[in-house]
Amino acid sequence: MCYKKNKLYKKRENEKRVMFYMINLYCKHHHKDYQKICSKTFGSKPLCKECEEIYNYSIERTDNCKFIKTKTFCSACPKKCYKTNIKNKVKQIMSFSGKIMLIYHPIIALKHVFVMIKHNLTKNKKLDFKGII
């Protein structure tokens with residue numbers, strides 16, 4: 001029983017970490033004005049207010065997810081719990097960040113791709129790269 005809870009905890013934390021890296025990459029490349037101020041201010045947050053709100057919302061959704069046992073990532077979840085405007089913004093963030101994650105965080109990116117391929121193989125019994133690349 002304890003092992004399952006520990007495994008779910010690690011899964012949630014991994015999903016949060018991947019989300020943070022993706023939002024952080026997006027923020028660095030799209031909100032450069034904030035990043036200039038942030039780099040000069042000691043103790044400032046690495047995300048602008050808009051990106052921080054999206055990150056906090058995604059953390060809240062991940063913490064309250066009932067399907068964490070069966071799903072790999074939110075894109076594979078049977079229930080879509082994100083608000084429409086935030087869901088569109090997250091899609092935009094993931095579309096941008098997914099392409100450059102191999103440069104900045106190659107191990108996390110490859111692990112993410114591996115998990116998605118594994119999920120697609122078990123679900124569809126075929127290779128499907130839709131949503132991965």
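Predicted model: local features only at pLDDT ≥ 70, side-chain atom pairs only at ≥ 80, totals over all residues.

Entry: I looked up the second largest pocket and found a volume of about 260 Å³. Its lining has 14 residues, and Lys11, Asn14, Phe73, Lys111 and Val115 are the closest to the centre. With my classes, the lining of this second largest pocket splits into six charged, five nonpolar and three polar residues.

Which helices each supply at least two residues of that lining? I found helix 1 and helix 5 (106-124). Helix 5 gives the most, with six residues.

**Entry: the cores.** Next I turned to the largest nonpolar core, which has 15 residues. The members that touch the most others are Ile23, Leu47, Cys51, Tyr82 and Val90. Two or more residues come from each of helix 1 (2-30), helix 3 (49-63) and helix 4 (84-104). Helix 3 gives the most to this core, with five residues.

I then checked for a second core and found a separate one of seven residues, including Val18, Leu25, Met101 and Ile108.

**Entry: Tyr82.** I went back to this core member for its contacts. Leaving out residues up to four places away in sequence, Tyr82 touches Met19, Tyr57, Ser58, Arg61, Cys74, Lys87 and Val90. Val90 is also among the core members that touch the most others.

Key
Residues numbered from 1 in each chain as written. Heavy atoms only, no water. Core = buried A, V, L, I, M, F, W, Y, C linked by side-chain atoms within 4.5 Å. Buried < 20%, exposed > 50% of the residue type's maximum accessible area, 1.4 Å probe, protein only. Helix = DSSP H or I, 4+ residues; strand = E, 2+ residues; numbered from the N terminus. Contact = heavy atoms within 4.5 Å. 1 Å grid on protein atoms, 1.4 Å probe; cavity = no way out; pocket = protein on both sides within 12 Å on 5 of 7 lines; lining within 4 Å. Points joined across faces, edges and corners; volume = space filled by probe spheres on them. Nonpolar A, V, L, I, M, F, W, Y, C, P; charged D, E, K, R; others polar.
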